[in-house]
Amino acid sequence: MIRNYLKIAIRQLRKQKLYAAIKIGGFALGIAACLLIALYIREETSYDKSYPDANRIYRVVGYFNDNGKVNKGTDWPAPMAKAIKADLPEVENAGRLMPNSLMGAGNNELKRADQAQNTFEDGFTFADQEMLNILKLPMVYGKREDALKDPLSMVISKSKADKYFLGQDPVGKIMYINNDKTRPFKIGGVMQDIPETSHLHKFNFLVTMAGQEFGTGEQNNWGNYNYPIYLSMRPGTKIAQFENKLTTDLVKNYFLPQLNKDGVKDAEKLAAKLSIHLQPVSDINLYSYDIDDNEIPHSDIRFIWLFGAIASFILVIACINFVNLSTAKSANRAKEVGLRKVVGSYRSHLINQFLTESIIYSVISFILGILVAWLLLPYFNTLASKTLIMPWHEWLFIPIILISAVIVGVIAGLYPAFYLSGFKPIQVLKSSISTGSKSPLLRNSLVVFQFTASIILIISTIVIYNETHLILNRKVGFDKDQVMILQGANTLGDDNVKILKTELSKIASVKSVSISDYLPVNGTKRNGNTFFNEGRTKIDAGVGGQFWQIDDTYLKTLGMKLVAGRNFSYATIATDERGLIINQTMAKKLNLKDPIGKRITNGGIFTVIGVVKDFNFESMRSDVQPLALHFGLSPSMVSVKISGSDVQNTIANISAVWRKYSPDQPIRYTFLDEQFAVMYADVQRTGHIFTSFAVLAIIIACLGLFALSAFMAEQRSKEIGIRKVLGATVSSITTLLSMDFVKLVLIAILIASPIAWYGMNKWLQDFAYKVPISWWIFVLSGLAAIVIALLTVSFQSIKAALMNPVKRLKSE
């Protein structure tokens with residue numbers, strides 16, 4: 001029986017080549033898209049599950065309820081980890097990271113003690129010995145239990161050990177960071193590279209925090225927040241109950257006494273706004289989109305749901321093509337069904353026959369879909385900034401694909417199978433059935449669904465493109481063009497950096513030079529402080545803001561504008577060392593209507609000498625934050641404003657000056673506008689992904705529409721012949737055949753528009769500066785869908801209209 005089912009199915013496939021090709025082609029494209037998205041989702045949901053006892057590892061997250069607005073963060077005071085371990089027996093271990101670039105993490109220049117050449121390296125973080133114990137990172141050399149116990153020790157990854165000590169055991173070897181020979185770091189161990197599916201995967205260098213102090217008394221200070229803290233909990237701990245206990249203990253015994261010590265107004269009310277929670281380590285990658293954890297890269301569960309929805313839409317669109325074409329061709333198979341029932345075939349046999357055909361289509365489509373996905377994977381990796389691979393080596397891959405092919409085949413073929421097998425023989429054999437053209441409700445509904453999904457993707461693509469264009473071209477309050485950033489200049493020493501600045505300024509094509517690590521792009525230093533008007537520390541609530549070190553040419557080099565007061569000057573350096581330039585937002589938050597000459601404090605006392613026009617120094621997902629600029633030397637980065645003419649020659653001249661003062665360190669530079677664009681790479685990627693899947697969804701929908709239009713032209717061929725005999729023109733017949741489909745697209749536009757508006761409105765809420773969702777976007781998307789539909793059906797419509805009516809009517 002099964003053999004018979006297969007023979008008939010293959011015969012039908014050969015008999016209807018156009019429809020078979022469209023069914024299989026649409027299915028294959030849908031399956032390829034689903035497979036690519038499935039690989040993406042699979043990787044994103046596998047993060048941080050490789051640690052032994054991963055289900056008992058948590059990150060400590062603070063929730064601060066500020067009048068209904070909940071701010072979440074992961075930075076805590078230095079002594080908090082030890083306090084948690086000492087006070088709460090449920091905690092097996094507590095450890096800290098310090099990934100903050102302000103303190104020397106992030107990127108540095110590195111070299112072996114026996115070599116002269118510095119090498120730039122990224123991926124530094126300070127870490128407690130306890131972090132190795134919590135994560136149980138596998139070691140290649142050295143003992144994990146004591147690899148970071150000693151001061152001035154560090155653990156490096158295997159890939160970095162191979163780079164610097166190929167074929168050697170590096171434990172005990174000395175390395176220098178940023179050419180600082182007063183602090184020789186001894187390698188305490190070599191760990192296996194942290195997997196890509198870890199939120200800590202970027203870290204290749206773990207520098208011990210034993211003996212480290214980032215400021216006098218900082219390790220015992222409950223007023224500075226700089227450390228993410230991780231806990232390993234004892235088995236059986238009830239986390240919800242423990243969170244309440246943790247909050248009560250820390251607020252009562254540590255935070256509230258510190259607030260009272262600092263003389264903070266309404267300390268108890270302020271402390272009551274804080275609650276402390278534990279985030280499972282496996283949730284960090286996807287559930288941290290609303291948590292401030294600056295130095296830790298992660299994804300967003302909302303994108304996983306979004307891509308999953310897109311994959312489902314595309315697969316459903318492909319299944320709709322199958323259902324539509326199967327039911328549309330029902331009249332062509334009605335006599336087959338009638339004859340087989342007359343000679344004794346049961347309905348169950350017919351259902352099995354049609355399901356077998358569907359499964360064969362599905363299996364062929366899956367094979368082609370896997371091939372298409374494999375061919376498109378490099379493009380998708382570029383699009384999503386991933387390194388996904390096809391899991392050929394995993395034994396479950398083939399069984400899952402086969403099972404999926406059968407399931408999809410059954411689901412797609414279930415309705416057509418029951419529908420076709422339900423024909424009554426007497427009606428069929430009396431030629432009273434032409435259901436393919438007379439019962440179009442379901443078929444039309446499915447076409448509407450297809451185009452609704454496609455139009456939603458078109459509208460979303462346009463909105464995302466407009467938002468990206470706004471961000472990348474908006475005036476941000478500084479000049480990001482033609483600014484060259486020299487990195488790693490701190491290895492020269494303070495005096496040589498100043499000389500370097502002077503020498504670079506002498507180059508004719510160099511307009512200005514500035515020394516500062518604090519730049520208005522990601523990847524540069526940040527330093528959060530709390531500011532008060534002088535004398536009101538114990539009266540007012542503090543204003544949180546950034547505190548940056550800059551020199552006297554910083555504003556000029558970056559094209560920032562003073563709206564009041566003056567810039568820093570070496571001529572008045574004695575007083576300017578205690579001077580401050582604040583931005584307009586800081587002045588507003590401190591209620592300073594005439595800020596010049598006012599004194600403000602963040603622990604030290606400063607006099608405001610200038611007010612700079614607000615500029616965006618963080619992502620435009622948030623408003624401009626308060627900022628204070630003070631005079632000082634922060635020498636890791638040197639910004640060089642150059643003229644636009646003969647850039648290559650200018651770079652060569654700058655490189656020559658660099659080699660003169662840093663012969664053992666290759667020049668390393670970027671351009672400010674490039675770093676600015678990187679801040680919004682995720683937005684651009686989202687736009688490209690939407691565009692790609694919108695095109696794919698439209699192609700699949702149009703394949704079905706093309707086949708349906710061919711079928712409808714065939715079903716109405718005699719009607720068309722009669723109309724032509726009665727004088728109908730080609731254009732009128734083309735319009736007649738096309739308008740049915742245009743009406744369906746118009747209905748799809750009405751359904752898709754509010755859904756797309758709602759979805760994009762929610763997406764834009766993440767941005768402080770957003771484009772309006774204008775009416776023309778919906779009109780343009782609708783017109784695009786109508787034009788695409790008309791182009792798809794017009795070929796068959798015109799072909800039918802041009803056909804000689806004699807050929808269609810001679811049988812009558």
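Q: How is the crossing of α15 and α19 handed?
A: The crossing of α15 and α19 is right-handed, a crossing being right-handed if the near helix is turned clockwise from the far one by less than a right angle, and left-handed if anticlockwise. This is a predicted model, in which local features need pLDDT of at least 70 and side-chain atom pairs count only at pLDDT 80 or more, while totals for chains, interfaces and linings use all residues. Residues are numbered from 1 along each chain as its sequence is written, and side-chain values use heavy atoms, with hydrogens and water left out.

Q: At what angle do α15 and α19 cross?
A: Helix α15 (residues 494-505) and helix α19 (residues 647-661) cross at roughly 150°, and their axes come within 10 Å; axes are lines fitted to C-alpha atoms over the stretch in contact, with angles from 0 to 180 degrees between N-to-C directions. The two helices are therefore roughly antiparallel to each other, a term for angles over 145 degrees, with under 35 counted as roughly parallel, 65 to 115 as roughly perpendicular and the rest as oblique.

Q: Which residues of α15 and α19 meet?
A: From α15 there are I499, L500, E503 and L504, and they meet I654, V657, W658, K660 and Y661 in α19, where contact means heavy atoms within 4.5 Å. By class, that contact has seven nonpolar, no polar and two charged residues.

Q: And what about α3 and α6, at what angle do they pack?
A: Helix α3 (residues 80-87) and helix α6 (residues 239-261) pack at about 120°, with their axes 11 Å apart. That angle makes α3 oblique to α6, and the crossing is right-handed. The contact is made by M80, A83, I84 and D87 of α3 with L246, D249, L250, Y254 and F255 of α6.

Q: Switching topic, what is the phi of S385?
A: Phi of S385 is near 55°, a positive value in a residue other than glycine. Most residues other than glycine have a negative phi. S385 lies in the loop between α10 (347-384) and α11 (397-421), and S385 is partly exposed, with a relative accessible area of 48%; partly exposed covers the range between buried, under 20%, and exposed, over 50%, using a 1.4 Å probe and protein chains only.

Q: Where is Q482?
A: Q482 is in the loop between α14 (441-473) and β14 (483-487), with a positive phi near 60°, and is partly exposed at a relative accessible area of 31%.

Q: How much of the protein chain counts as buried?
A: Of its 812 residues, 52% count as buried.

Key:
Helix = DSSP H or I, 4+ residues; strand = E, 2+ residues; numbered from the N terminus. Nonpolar A, V, L, I, M, F, W, Y, C, P; charged D, E, K, R; others polar.
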